[in-house]
Amino acid sequence: MTQPGNRDIHDIEADVARRLRAAGCVFAEEEAALLLAEMLGSEAPETLANRLALERMVAQRVSGVPLEYVLGWALFDGIRVRVGDGVFVPRHRTELLVEAAASVTRAGDTVVDLCCGSGAIGLALAGRVPGIELTAADIDPRAVSWARVNLEPVGGHVFEGDLYSTLPDNLRGRIRTLVCNTPYVPTADIALLPPEARLYEPLGTLDGGDDGLDIQRRVADDALAWLAPGGTLFVETSEAQAGPSAQIMRAAGLAAETIRSAEGDATVVSARRA
Ligand SMILES: C[S@@+](CC[C@H](N)C(=O)[O-])C[C@H]1O[C@@H](n2cnc3c(N)ncnc32)[C@H](O)[C@@H]1O
């Protein structure tokens, strides 16, 4: 069998875009191009196998599966992070947290990505600041598997368990940069999320309790014990929650500052140990 020619590819892409648009995908053309590129990069050389693979991907996407799960990766801070079923898809707004953390992190620093999900934040930091000592942890075994796929190739170590409880004890008092994108959606707002998040991402990746800040409170409570002197914790929050998030950090004995990007609709609270 032969590979499809340029004309065929153009027609197939237009057809895929039309089906995605009919299914309600806002960025149908861009998504069609990504799915086609994925098909052409497939290891199956025959046209028929490629077309079947593409058909499977389009059917998944039309049924509402998040694009990143279909592709098997998400673009985050300019790099491809491997993702799939059961793990939170990293959001572009979280790149502000990466940028803020990278600005105070140096080669050789001990960095911990708590609530790591796919490990996107840790991976992006390792890309921006080569030579960090990276550890990550998450409570969900599916997230831990994806984080290992992403972080072990860059020398990261990934642990499974509740917040700090699973970290090696020798990190106590030594963490220079602690990055933590906790679930922070208030429970009552979960129903308002887009279906791709509500129906496909595990509830435990989204639900932050009554005011959304339950896990941030627990992270802050133990931060002084795990941060090195001068070390900084970075958490993501929403614009509306920024005041309460900063207050939680101050109550835990940390010097808190809010960083906001209106353009990216992103808010980060940095909390430094004196
Ligand atoms: C919003 S997602 C963020 C994932 C990743 N850091 C990112 O930005 O793409 C929150 C993550 O926190 C994890 N998580 C929730 N409760 C946790 C806990 N008590 N201990 C450790 N991880 C937890 C979830 O499993 C989920 O992977």
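1. A residue counts as buried if 20 or more other C-beta atoms lie within 10 Å of its own, as exposed if 12 or fewer do, and as partly exposed in between, with C-beta atoms placed from the backbone. The model is predicted: local features need pLDDT of at least 70, side-chain atom pairs count only at pLDDT 80 or more, and totals for chains, interfaces and linings use all residues. Residue numbers start from 1 along each chain as its sequence is written.

2. In helix α10 (residues 242-251) the buried residues are Ser245, Ala246, Ile248 and Met249. They lie on the same side of α10 because they cover an arc of only 155° around the axis, the arc being that of the directions from the helix axis to the C-beta atoms. Gly243 and Ala251, on the other side of α10, are exposed. Helices (H or I, at least four residues) and strands (E, at least two) are DSSP runs, numbered from the N terminus.

3. After α10 comes glycine 253, with a positive phi near 90°.

4. Strand β6 (residues 175-180) is mostly covered, with 6 of its 6 residues buried. Strand β3 (residues 110-114) pairs with β6 in the parallel sense over 4 bridges; pairing requires that DSSP finds at least two bridges between the strands. Here leucine 114 is opposite cysteine 180 of β6.

5. β6 and β7 also run parallel, joined by 5 bridges. Valine 179 stands opposite phenylalanine 234 in β7.
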